[in-house]
Amino acid sequence: MSFASSPFTPMGIRSIQEQRDRWERKRSRTARELVQSEQSYCKQLDLIVTYFVEILKAKGTLRQDIRESIFSSIKAIHLINQTLLTHLELGRFGVGFEEFCTHLQLYNTYVDNIQTAKKVLMVQVKKSKAFRRFKKLQESRPEFNQQKLEDLLTLPLQRIQQYKHFLRDLTENTGPDNPEFQQLSKAVKAVSEVAQRIQDNARNHENHLQLRRVQKQLKGRKTRILTPGRWYIREGWLKTVPPKGTEAKPKMFYLFSDILLQAKPCSPIHPTNGDKFACQQIYPLKECTVDKVFGHTKSQGGLISLTFARAKLLLMSDDQVDINDWYRSLCLAIGQLKSKNTVVHRRDELCRKPIRSDPDSQNTPELQQTRGIKRTMMLDEEVLEHREGQSSSSIPLTGESGHSITKRMKPNEVPAARPQESSGSSCVIL
């Protein structure tokens, strides 16, 4: 029996049914690819746990803390992914990923440890001859398809990125009335957070490597490049135009998120610093303004002006594309830095009560009781100070005006309270 749509079916109903059929075909194809890739992924995890983690533990080639630094939570990840695979093979995608997302902390732990794992692995390969031979022997097994352990350790990170795309495709091709729609939607959000964590950690690590590289290029240790919160942007040669019209000299410039560093090359015949640079100036970008003086047209080269609080800098390049890239990078860095320094007040702070209350509310019972306690404390302190002054020395203690410190002030001698100063023109963002 054929279930083809009848020629008498209205066009609108037919198009809706065709769209639903396309969604169902896409969902089935995505589900099939997800199950197949999950089977392959679990097989690879099983190989790592069997031929590396378990055998290393049995042989005792590496200490326990070193093994944990290299493999982290990969054994627990293997267990939860085996459970997920069982659900996926039975077609329970929503239930499977709902349970899987409750254990995503294991992936977070693994993601945060991956750079440490690579570093410890590299150290052990150089340090331990027994581990180096063991690693080479296990990698030569046909099951690993000539993959190195360094590549195998990144499999959980790659799998999280794949989950994000698979779950999005499944959710987009699942109807809102389907019981799995809410489960898959929550799984997309949870997995995407882990994927973003992976990208952030990779960017932080890459930035750290760039900062270390620049630090090694500079002579001496006075200039500190490795500062928390600092981001590397770019570097390159630019000519500095002197104010008196002498010849422009090329300098090496390093642009970071908060500073612009100017350096000159060291003497090439220096025994230790021949390939390094000497820092000349560090310009803070906090109060910097940048203008393009020359280079608006299609002519060769360009000139940009940088104005700081206590200095002015003219930078020139014969390459117009290069000077335009510097101009955009400087404008972007300065704009982001100024936006971070904007004063932000919370709404509840803006709605707080004034320091001075209304006259009608100055004589409340609570306020009178508080004032009485303060007067009693002040009198006790004055009596105590007076007794100590009489017993300790015959010379009276004096303040700046030469009068006795323990002398009580008369009511008319109490200084008047200063009026509350205005907050000025601070920027307020609600």
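**Walking through a predicted chain**

Buried here means under 20% relative accessible area, exposed means over 50%, and partly exposed is in between, using a 1.4 Å probe and protein chains only.

Before going on, what you see above is a predicted model, where local features need pLDDT of at least 70, side-chain atom pairs count only at pLDDT 80 or more, and totals for chains, interfaces and linings use all residues. Residues are numbered from 1 along each chain as its sequence is written, and side-chain values use heavy atoms, with hydrogens and water left out.

Now the overview. The protein chain has 12 helices and 7 strands; these are DSSP runs numbered from the N terminus, with H or I over at least four residues for helices and E over at least two for strands. The chain has 430 residues, and 32% of them count as buried. Now take contacts, meaning heavy atoms within 4.5 Å. Among those between residues at least 6 apart in sequence, 59% join residues at least 24 apart.

Back to the rings. How many aromatic pairs are there? The count comes to 11, where rings of Phe, Tyr and Trp (its six-membered ring) pair if their centres lie within 6.5 Å, and planes under 30 degrees apart are stacked, over 60 edge-to-face, and the rest tilted. One of them is tyrosine 254 with phenylalanine 277, an edge-to-face pair at 6.5 Å centre to centre with 80 degrees between the planes.

Phenylalanine 308 counts as buried, because its relative accessibility is 8%. Elsewhere, ring pairs link Tyr51, Phe52, Phe134 and Phe144 into a cluster.

On to the helices. Find helix α5 (residues 104–127) and helix α8 (residues 155–172): their axes come within 10 Å and cross at roughly 130 degrees. Axes are lines fitted to C-alpha atoms, for helices over the stretch in contact, and angles run from 0 to 180 degrees between N-to-C directions. Parallel, antiparallel or something else? The two helices, α5 and α8, are oblique to each other, since angles under 35 degrees are roughly parallel, over 145 roughly antiparallel, 65 to 115 roughly perpendicular, and the rest oblique. The crossing of α5 and α8 is left-handed, meaning the near helix is turned anticlockwise from the far one by less than a right angle; clockwise would be right-handed. From α5, the contact uses Leu104, Tyr107, Tyr110, Val111 and Ile114, and from α8, Pro156, Leu157, Ile160 and Tyr163. By class, that contact has 9 nonpolar, no polar and no charged residues; nonpolar is Ala, Val, Leu, Ile, Met, Phe, Trp, Tyr, Cys and Pro, charged is Asp, Glu, Lys and Arg, and the others, Gly among them, are polar.

Next, α8 meets helix α9 (residues 180–217), with axes within 9 Å and crossing at roughly 150 degrees. That makes α8 roughly antiparallel to α9. This crossing of α8 and α9 is also left-handed. Residues in the contact include Leu157, Lys164 and Arg168 of α8, and Phe181, Ser185 and Gln199 of α9. Its residues divide into 13 nonpolar, 5 polar and 2 charged.

While we're around α5, look at asparagine 108, which lies in that helix. It's buried, at 11% relative accessibility. Which residues does asparagine 108 contact, leaving aside neighbours within four places in sequence? Those are Val194 and Arg197.

Last stop: isoleucine 323, in helix α10 (residues 320–340). At 2% relative accessibility, isoleucine 323 counts as buried. Leaving aside neighbours within four places in sequence, its contacts include Leu238, Gly302, Ile304 and Met316. From isoleucine 323 to glycine 302, it's 21 residues in sequence and 6.0 Å in space, C-alpha to C-alpha.
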